[in-house]
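Hi,

Here is the structure I promised to pass on.

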Amino acid sequence: MTTVTIYTDGACSGNPGPGGWGAVLISGSLRKEISGGDPATTNNRMELMAAIFALRELKHPGTADLFTDSKYVKQGITEWIIQWKVNGWKRRSGKRWLLVKNEDLWRELDALVETHCVTFHWVEGHAGHPENERADELARSAIPKP
């Protein structure tokens, strides 16, 4: 089974504001770049959308190494989501229970992760990693102009 290597990034002009996401998918000698935007969103939503759209590109169940510079995405899908699901998609904030932000996207990403064997990796953003920089360029160029 071939492993697809994926680099994702999200960007926002203002937070909230118009945003974009980008992803680079590499499998052997094949390479695909995808991106999209939203006129009213947040940076975290764009980070999640990048991962979701990248994994949607996998037409059959497969293996992926997904690199993100978003600790929100990496920790959310590998750590926090376990307790969110146990708590009915709520999280504790002090003594209060709050709904998990971006629940719709977390649920979709969770379903995709259950379909594929995905290993999430955190990579430092804006540190010169060529594929992460390219995902950032794709995300920024996809931000809708006013």
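Before anything else, keep in mind that this is a predicted model.

I'll begin with Asp136, which is in contact with Asp9 and His126 once its neighbours within four places in sequence are left aside. The residue belongs to helix α4, which covers residues 130-141. Is Asp136 buried or exposed? Its relative accessibility is 5%, and since the cut-off for buried is under 20%, Asp136 counts as buried.

Now the sheet. As a reminder, strands of a sheet pair through backbone hydrogen bonds, either parallel or antiparallel.

Next, the nonpolar core. The largest one has 30 residues, and Ile6, Leu55, Trp106 and Leu109 are those with the most contacts inside it. Two or more residues each come from β1 (3-12), β2 (17-27), α1 (43-56), β4 (63-68), α2 (71-86), α3 (103-115) and β7 (117-122). The top contributor is α1, which gives eight residues. Ile6 is a handy place to start browsing: not counting residues up to four places away in sequence, Ile6 touches Val24, Leu25, Ala54, Leu55, Ala64, Asp65, Leu66 and Phe67.

Finally, the helix packing. How do α2 and α3 sit relative to each other, roughly parallel or roughly perpendicular? Their axes come within 11 Å and cross at roughly 95°. Angles of 65 to 115 degrees count as roughly perpendicular, and α2 and α3 are therefore roughly perpendicular to each other. On the α2 side, the residues involved are Tyr72, Val73, Gly76, Ile77, Ile81, Trp84 and Lys85, and they meet Trp106, Leu109, Asp110, Val113 and Glu114 in α3. Sorted by class, that contact has eight nonpolar, one polar and three charged residues. Trp106 and Leu109 turn up here as well as among the residues with the most contacts in the core.

Cheers

Technical notes: Residues numbered from 1 in each chain as written. Predicted model: local features only at pLDDT ≥ 70, side-chain atom pairs only at ≥ 80, totals over all residues. Heavy atoms only, no water. Helix = DSSP H or I, 4+ residues; strand = E, 2+ residues; numbered from the N terminus. Buried < 20%, exposed > 50% of the residue type's maximum accessible area, 1.4 Å probe, protein only. Contact = heavy atoms within 4.5 Å. Core = buried A, V, L, I, M, F, W, Y, C linked by side-chain atoms within 4.5 Å. Axes fitted to C-alpha atoms, helices over the stretch in contact; angles between N-to-C directions. Parallel < 35°, antiparallel > 145°, perpendicular 65-115°, else oblique. Nonpolar A, V, L, I, M, F, W, Y, C, P; charged D, E, K, R; others polar.
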